[in-house]
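Here are my notes on this model, as promised. Have it open while you read.

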Amino acid sequence: MSFSNTAGQVIRCKAAVAWEAGKPLVIEEVEVAPPQAMEVRLKILFTSLCHTDVYFWEAKGQTPLFPRIFGHEAGGIVESVGEGVTDLKPGDHVLPVFTGECKECRHCKSEESNMCDLLRINTDRGVMLNDGKSRFSINGQPIYHFVGTSTFSEYTVVHVGCVAKINPAAPLDKVCVLSCGISTGLGATLNVAKPKKGSTVAIFGLGAVGLAAAEGARIAGASRIIGVDLNAKRFDEAKKFGVTEFVNPKDHDKPVQEVIAEMTGGGVDRSVECTGSINAMISAFECVHDGWGIAVLVGVPNKDDAFKTHPMNILNERTLKGTFFGNYKPRSDLPSVVERYMNKELELEKFITHEVPFSEINKAFEFMLKGDGLRCIIRMDA
């Protein structure tokens with residue numbers, strides 16, 4: 001695929017524009033400006049819909065900002081690069097990521113953190129860092145970016161620190177889901193909870209992120225993976241991801257942490273919470289075994305929530321951890337996650353339950369709103 005005719009030029013292409021909150025996206029012809037310093041322009045081949053897109057499209061998140069191009073789980077090819085970009089070139093296969101890795105700040109230089117000072121997720125910002133302007137427009141009207149990616153467009157411009165170069169042999173229609181939710185859940189287990197072979201793990205919430213956390217427990221060799229969810233319809237699907245037992249809190253007249261403690265002789269070795277419910281977070285912490293249990297929080301709570309537990313739960317040597325994007329550094333670590341898939345260690349196909357052409361992108365929103373399936377792949381060339 002040659003891009004020699006478009007480098008340095010404005011590109012006109014199709015994009016799905018959200019003109020106002022909660023209204024169907026409209027396929028429009030947009031103008032995409034060339035990349036500026038430390039930016040790359042990407043041709044998006046496949047994108048998928050994540051719940052975060054829906055949350056901000058419904059304007060339930062932070063400051064509503066419209067018109068906007070959503071999308072942040074995707075795979076594509078570098079079309080052109082801006083000044084100062086040295087580690088990417090046209091033709092490279094990449095995953096754009098909603099958070100970044102500048103490689104220069106204290107977080108990026110720390111082996112323990114992936115929370116880049118410069119490129120950490122910012123849902124309020126709708127423009128590029130370089131000049132505070134959008135690279136998208138329609139008849140001169142700026143169209144805002146979303147979390148620095150805006151992948152619901154055939155072409156998009158992204159900061160170089162938010163682009164992971166991957167194996168060109170990897171199928172982009174599969175590995176695109178690694179640029180957000182699946183990596184978040186997988187890394188929460190493998191990088192943060194770190195269950196030992198033969199250990200017991202409880203997963204709270206069996207949506208896509210929770211099932212990715214279960215997949216991580218399966219890869220780690222957990223002997224028991226207990227799935228906790230209020231929706232029993234999710235249990236059959238979860239068996240494909242290694243979940244061995246299920247608990248629906250609604251079926252019990254005692255706190256679910258007590259149920260799990262009874263099932264496991266005092267508590268699980270590890271737990272991963274993927275719901276955002278403050279009650280689930282507390283249960284996930286209180287259900288781990290004293291002396292060595294580790295609970296990892298993944299879900300994002302409401303802003304007024306407060307985490308309450310008795311201090312003795314901590315003094316009895318339980319550990320509570322949080323995680324952001326599974327503790328993966330996007331540029332440094334995502335290529336190796338892709339290789340896990342290429343080596344058949346990680347199974348991605350079972351996360352992909354629907355596929356639609358770009359012209360029918362609103363169907364993906366319908367699937368998500370109905371709770372139908374896990375991930376819907378959107379083919380940009382169809």
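1. Start with L88, which lies in the loop between strand 4 (73-81) and strand 5 (93-96); helices (H or I, at least four residues) and strands (E, at least two) are DSSP runs, numbered from the N terminus. This is a predicted model, where local features need pLDDT of at least 70, side-chain atom pairs count only at pLDDT 80 or more, and totals for chains, interfaces and linings use all residues. Residues are numbered from 1 along each chain as its sequence is written, and side-chain values use heavy atoms, with hydrogens and water left out.

2. Buried or exposed, this L88? Buried, at a relative accessible area of 8% (buried is under 20%, exposed over 50%, partly exposed in between, with a 1.4 Å probe and protein chains only). Leaving aside residues up to four places away in sequence, L88 touches V40, V81, V94, V160, V163 and K165 (contact means heavy atoms within 4.5 Å).

3. Now the open sheet: six strands in the order 12-11-10-13-14-15, with parallel pairing (two strands pair if DSSP finds at least two bridges between them). Strand 12 (245-247) and strand 15 (319-322) are at the edges; each has a single partner strand, so one side of each is left without a neighbour in the sheet.

4. L297 has G322 of strand 15 as its bridge partner.

5. Finally, helix 7 (residues 256-264) packs on the sheet and touches strand 10 (200-204), strand 11 (224-228) and strand 12. Its direction makes about 160° with that of strand 11 (axes are lines fitted to C-alpha atoms, for helices over the stretch in contact, and angles run from 0 to 180 degrees between N-to-C directions).
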